[in-house]
Amino acid sequence: MSHARQRFQDQLPTDPLSRPVSDLTRVAEARATQLARLGIHTIGDLLMLRPRRYEDRRQVQTISSLGPGDIATVRGRVLASGLKRLGKGRKTLFELILEDDTGRVHCRWWNRPYMKGQFHQGTEIIAHGRVHTSKPPAMEHPETEAIDERDEPPVHLNRIVPVYPLTEGITQRWLRSLLFEVLQQYRGHLCDPWPISLGREFPSREEAVVRLHFPDHPNQPQPARQRLALDELIQLQLSIQTRRKRLLENAPLKICQGDNRLIKPFLANLGFRCTDAQTRVLREIRADLLSGVPMRRLLQGDVGSGKTVVSACAALMAIESGFQAALMAPTEILAEQHFQLFERWFAPLGIDVHLHTANRKPTLDPTQPTLAFTPESPSPGSLAVGTHALIEGAFSPDNLGLVIIDEQHRFGVAQREKLVRKGNYPHLLVMTATPIPRTLGLTLYGDLDVSIIDQHPGGRIPVKTHVRTQSSLPKVWDFVHKQLDAGRQAYVVYPRIETDGNAGPKGLKAVTREFDSLRERFLPHATGLLHGSLPREEKESVMRAFREGHLQLLLATTVIEVGVDVPNATIMVIENAEQYGLAQLHQLRGRIGRGTHESHCILLTSGKSDEANRRLTVLAKTTDGFEIAEADLLLRGPGDLLGSDQSGLPKLLFADLTKDVRLVERARHFAADLLKTDEWI
Ligand code: ADP
Ligand code: MG
């Protein structure tokens, strides 16, 4: 159920639109079950059923005018029909000849023997489909509908009719009649939900729903859809903006004044200077921390743009002010890596760093020397690094000032909220390398301010990307071998851990199956194996061995996708690359190209689908994460970009986040105006 509808019901608990469809006289129990399969439970749901397409039946085509390739609607009488069995197999062809005053058309359906007996000679029907041949004209698998002249008002004929998605047992005719009737009866309940005007360019909600189903003109459904999409988007923006408003009203003050006593030595010992982009973002963060309202900031920066250092500085600002900070990462491997890095950075400053993962809870170790502080310095804060164990586990900070979430796109909004609540509304910095196209950004992250690192640290050589098929594999391995000989390191990434049977149904390679032969092949270089099913200790030690250069080649699953930072690794081979979205491949590729040597990413495809290969060449052409994300969004839709459980987005029936940029903007403004009016709570 959409949020919008939910909301309308909240307002009016007795709203007739929230009554079950089984209340309708035409909907018996069996019908209600069928409708439920289409996601229709209430009368409101039914009215929101979006037609798949429309058919203009004001002018049906004459049969004599049909030409091959036409997509046409014709009306005629059934002259004859019959079922043929073809060959020895079970192949059948059902054929029906339709006649109007100008000619005859053959309608054919393959392997639908049950259609026999559904059409009686002399019945009038409408057929819609593509004309294949011209002599005689024939349509294959047209959609048909019987005509009954005794019908109620003009629902099915002489008008533009809606064509709905169907499910077994429900016919187009029945559903269309039902909607026609329900609309007459219930349209009066489709009130505009907002106490302010949306402007004259949008029809009223009632008019929109009527036009959606029974337009008088082909250009009416479009504004109708936009209006209904706008309602959905306003509802979404209202929940986002209300959450933010509440936050600002209720959160306790946590001003992080800072005094630079930790940041200064940290930056001095870093070994490099921050880029201009990093410095700008740090200034934005500093202003937030001083502002007296909790920071809610999204830091977007391409892989390798240096977000970690920025987060470290933010942590230091909080710690300087006497607060604790927490850093949450999506995988144990990344949490472990951050832990090691931050310990190296922060220990010399006298800051405790703890690791919290599902398998590892920090214990107070009495043998550890406590660091001595001069009495006048305020008690030092600490940093907790961890996975989602920080949310679920016993982690209970008493003075949490800042939460940092790395690789936000892996966490849902709900998880983020949970951690923040645990800390009694600390400042929040979420970081993502997945560039979020603007429409999605406004919707998903509508409650966050955005900072962008739009610059890579200097001295980097862009990664060269190559798309290859399996036949080039020997050459690819020779190339990798030479690079290892030259002192570089390499990753090979597989889509699966293990396959049962031979190659698995789709020919996907599995990391554990390739390991032995590749280890032999690359001797005397050392090869490691890394995947999600290994025990934590083993994962850690493999990753450490690779980082420290004891392993030259690492065979892994996508567990290495996020955040792993080994500058000497310059080669990445990705097997079954066609399995991944572009944004994910871009993430993976971001593991290389982090040092001073030229890096190569080789995308290996099974070579069967040209479409897949074409898609992958986008990556070969650009390293611009935003361009890639836009391409991915268009190719695969928003769910994919965000990961399945990510978005926490309500199901949008009418709004399309990939296209409705303008509507999203309008909805934001309407929602803001609504929140300003007293009538709306
Ligand atoms: P990401 O934004 O993907 O998280 P990281 O923070 O892991 O990127 O940074 C990638 C690499 O670049 C790290 O090795 C980091 O130490 C290095 N780095 C970050 N900032 C700079 C800088 N200003 N100059 C040089 N190297 C930098
Ligand atoms: Mg990172």
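Asp478 is partly exposed, with 42% relative accessible area; that label covers everything between buried (under 20%) and exposed (over 50%), using a 1.4 Å probe and protein chains only. The structure here is a predicted model, so local features are reported only at pLDDT of at least 70 and side-chain atom pairs only at pLDDT 80 or more, while totals for chains, interfaces and linings use all residues. Side-chain values rest on heavy atoms, with hydrogens and water left out, residues are numbered from 1 along each chain as its sequence is written, and chains are lettered from A and ligands numbered from 1 in the order in which they are written.

Asp478 has a partner: its side chain meets that of Arg521 in a salt bridge, at 3.9 Å from N to O. For the term to apply, a side-chain nitrogen of Lys or Arg has to sit within 4 Å of a carboxyl oxygen of Asp or Glu. Arg521 belongs to helix α15 (residues 511–521) and Asp478 to helix α14 (residues 473–485), so the pair ties together parts that are 43 residues apart in sequence. Helices here are DSSP runs of H or I with at least four residues, strands are runs of E with at least two, and both are numbered from the N terminus. Arg521 is partly exposed too, at 39% relative accessibility.

Arg225 and Asp660 are both buried. Another salt bridge stays within a single helix: Arg536 and Glu540 come to 2.7 Å between their closest N and O atoms, and both lie in α16 (residues 536–547), four residues apart, or about one turn of the helix. Arg536 counts as buried because its relative accessible area is 14%, and Glu540 counts as buried at 13%. Elsewhere, salt bridges with shared partners join Arg52, Arg53, Glu55, Arg57, Glu143, Glu145 and Arg176 into one network.

Now for the ligand. Ligand 1 is surrounded by 16 residues, the closest being Gly304, Lys307, Thr308, Arg460 and Asp565; a residue makes the list if one of its heavy atoms lies within 4 Å of the ligand. By class, this shell has four nonpolar, six polar and six charged residues. The nonpolar class takes in Ala, Val, Leu, Ile, Met, Phe, Trp, Tyr, Cys and Pro, the charged class Asp, Glu, Lys and Arg, and the polar class the others, Gly among them. Several N and O atoms of the protein sit within reach of ligand atoms. The side chain of Asp565 places an N or O atom 2.8 Å from an oxygen of ligand 1, and the side chain of Gln278 has one 2.9 Å from a ligand nitrogen. From Gly306 it is a backbone N or O atom, 3.1 Å from a ligand oxygen. Taken alone, ligand 1 exposes 560 Å², and the protein buries 85% of that; areas come from the Shrake-Rupley method with a 1.4 Å probe.

Two buried strand residues also came up. Thr465, in strand β16 (residues 464–469), is buried at 12% relative accessibility. Its side chain makes a polar contact with the side chain of Arg589 at 2.7 Å, the term meaning a pair of N or O atoms within 3.5 Å, where within protein one must be able to donate a hydrogen and the other to accept it, and residues adjacent in sequence count only if both atoms are side-chain atoms. His600, in strand β21 (residues 600–605), is buried at 10%. His600 and Val480 are 120 residues apart in sequence, yet their C-alpha atoms are 9.6 Å apart.

As for the backbone, most residues other than glycine have a negative phi, and most peptide bonds are trans. The bond from Leu523 to Pro524 is cis, with omega near 10°, and Pro524 lies in the loop between α15 and β18 (527–530). His141 has a positive phi of about 50° and sits in the loop between β6 (137–140) and β7 (143–146). Asn260 likewise has a positive phi, near 65°, in the loop between α6 and α7.
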